[in-house]
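Trainee: I am new to this structure. Could we go through it by question and answer?

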Amino acid sequence: MKQNIESHLEEKRVFKPSREFTKKAHIQSFDDYKRLHAKSIKNPEKFWASEASNLLWQKKWKKVLDWKPPFAQWFVGGQLNASENCLDRHLNGPRRNKAAIIWEGEPGERRTLTYHQLHREVCVFANILKRNQVKKGDRVLIYMPLVPEAVISMLACARIGAVHTIVFGGFSSDSIKDRIEDSGAKVVVTADGGYRRGQTVTLKQNVDQALKDNTQVKRVIVAKRANIEVSIKEGRDVWWHREAEYVNADCPAIPLDSEHPLFILYTSGSTGKPKGILHTTGGYLTGTATTSKYIFDLKEEDVYWCTADVGWITGHSYLVYGPLANGATCVLYEGAPNWPEPDRFWKIIEELGVTILYTAPTAIRAFMKWGDEWPKKHNLSSLRLLGTVGEPINPEAWMWYHTNIGGGRCPIVDTWWQTETGMILITPLPGATPLKPGTATLPFFGVDAAIVDDHGKEVGPNEGGKLVIRNPWPAMLRTIYGDKPRYKKQYWSEVKGCYFTGDGARRDKDGYFWIVGRIDDVLNVAGHRLGTAEVESALVGHPSVAESAVVGRPDEIKGQGVVAFVVLRETHKPSKDLAEVLRKHVGNAIGPIAKPDEIRFAEALPKTRSGKIMRRLLKQIASGATITGDTTTLEDFSVLTRLTKSADE
Ligand code: WTA
């Protein structure tokens, strides 16, 4: 029998929302949250139905939820259109000429699209898609830089009932190829190129490479962005701007069944082929619009910036569908955070008057590493709310974000969710929830989250276990595209009757959820199961450490030994003494069992493009094995080569 995950770190700091914030917030007290949450859990369908009625439905649903586990249908019989909800709905009032998108390219140019203008562009492109034979239900693969055309093509697909599947612009031609095959897309939307760290990324060329020997794709629509030369294949490739000359801007949104597929987004499992996560229309839009409103506390005058790319679920849910359904003004930035200098984000916030910033812990740790002087150069007083997503944020990084970016006055919403969940499930509400650095706190309305042991039994306070969701929610994935058995097995077989997240977590005595890492990464040291996040967090708590990743390697005596890869802050140098200091530091913070057997200093860690540490690769390096498995999602391959080398030395 496996034991539960142990947890040793304790965080005592608590930050209550200020009166000033609370006064104007959607949810104004912790008691209100608790009362509303209890009510919503008793009758989730009532809660979601009431939120869904804030959207525009062409036809009202007959049944809120049809739940034949593990298959859910939400708002059955209802019809709506996501594009109409994000655009047309805002055109009849003061939002008509409000900025929907404020875009900044990496080279520095800016473009603003009002709701009226965005609507027009979307209608034009929807007509271009129709002109190129795209029909309701067809899959369209989008491979774009972060330019307004990326958003326009998503909303244009949604407008005519085509299903978009976005491949992040940093992925290789192999990724495009796999996803075209799996999704059966016949049309690709791309750009000549994009900008990243001053270089041009040759997107069209990658598409050409992916389409070598391919007969399935009939059309490639190319937007002009980087003005680089590209080859145009006669009969297959067309320019976006040329096509626009043949169509008008009249394209009514078609009513679609609530369960009509909205998009497929591929997420790499740690092994094996990527999973095409399928999301549908009515439930997804209800879930993302509702969470955006309460969690980001969106107000008419906010300037909201989610720094994710549209290639990730965060870009889908909280850059496009959620905020636009709320009529928000969204900032879009094409490039790297340290281009041309490490203050690019802070410059954008100052110049555009950003009020809400939603970013990832990996970015925050990079900013910490680059030094406090960069944010200090800018006036960040427009900010009122901060958010994070993607990984556990260690308390040190939380405090840095709170102090240096939030000026000590902005609440931080640490939001837990997944590509599969479609919407945020565990999160503070900024005007209500007392915050503790490092925890995503409590479940959102209508969400019944729990931590269970290997038998599916709920564990007590501070006992670690598996994070599960016990009831369906509207934005949940409906299946893995084309693979129902895998959907069942992956998410609904581990714990009976529950959605299994794959994450390990514990709840503290106040019921707050602390994510301790992926279950697959849990360390087992001399019979103690430890989450990676806690050891990493203890390491980053030392002033010399910028970032760390902890993995296990086989150990004859203890079962597993702990190996910590450590990236130092720029002011510190690796040494044997420092390694010893760090080992002791972890021992003091967590306990002797967590003391790393080995500290390996590294210049950088292998990460996915969305900033998640690839522990699977580090495990192989730590145990001296050769790297196997999929490395196509790795951001910078040279990091891996350097790590393997330093291990050999
Ligand atoms: C992790 C991103 C701790 C978690 C939206 C989850 C987090 C995986 C948090 C999903 C958070 C995401 N605290 N861990 N606030 N947010 N995670 O599919 O392990 O890219 O299962 O979706 O990221 O990653 P995905």
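Mentor: Domain bounds here come from an automatic or database domain assignment. The model itself is predicted.

Trainee: Which domains does the assignment give for the protein chain?

Mentor: Domain 1 is written as several segments, 19-81 + 281-440 + 479-501. The assignment also gives domain 2 (84-252) and domain 3 (522-648). The answer is domain 1, domain 2 and domain 3.

Trainee: How far apart do the C-alpha centres of domain 2 and domain 3 lie?

Mentor: Domain 2 covers 84-252 and domain 3 covers 522-648. Their C-alpha centres are separated by 40 Å.

Trainee: Is helix α6 largely enclosed or largely open?

Mentor: Helix α6 runs over residues 148-160 and reaches 19 Å from its first C-alpha to its last. Buried means under 20% relative accessible area. By that cut-off 13 of the 13 residues of α6 are buried, so the helix is largely enclosed.

Trainee: Which residue has a side-chain N or O atom 2.6 Å from an oxygen atom of the ligand?

Mentor: The closest of the 16 residues surrounding the ligand include T415 and T419. For T415, a backbone N or O atom lies 2.7 Å from a ligand nitrogen atom. The side-chain atom at 2.6 Å from a ligand oxygen atom belongs to T419.

Definitions and conventions
Residues are numbered from 1 along each chain as its sequence is written. This is a predicted model: local features need pLDDT of at least 70, side-chain atom pairs count only at pLDDT 80 or more; totals for chains, interfaces and linings use all residues. Side-chain values use heavy atoms; hydrogens and water are left out. Helices (H or I, at least four residues) and strands (E, at least two) are DSSP runs, numbered from the N terminus. The expected span of a helix is 1.5 Å times one less than its number of residues. Buried means under 20% relative accessible area, exposed over 50%, partly exposed in between (1.4 Å probe, protein chains only). A residue is near a molecule or strand if one of its heavy atoms lies within 4 Å of it. A polar contact is a pair of N or O atoms within 3.5 Å; within protein, one must be able to donate a hydrogen and the other to accept it, and residues adjacent in sequence count only if both atoms are side-chain atoms.
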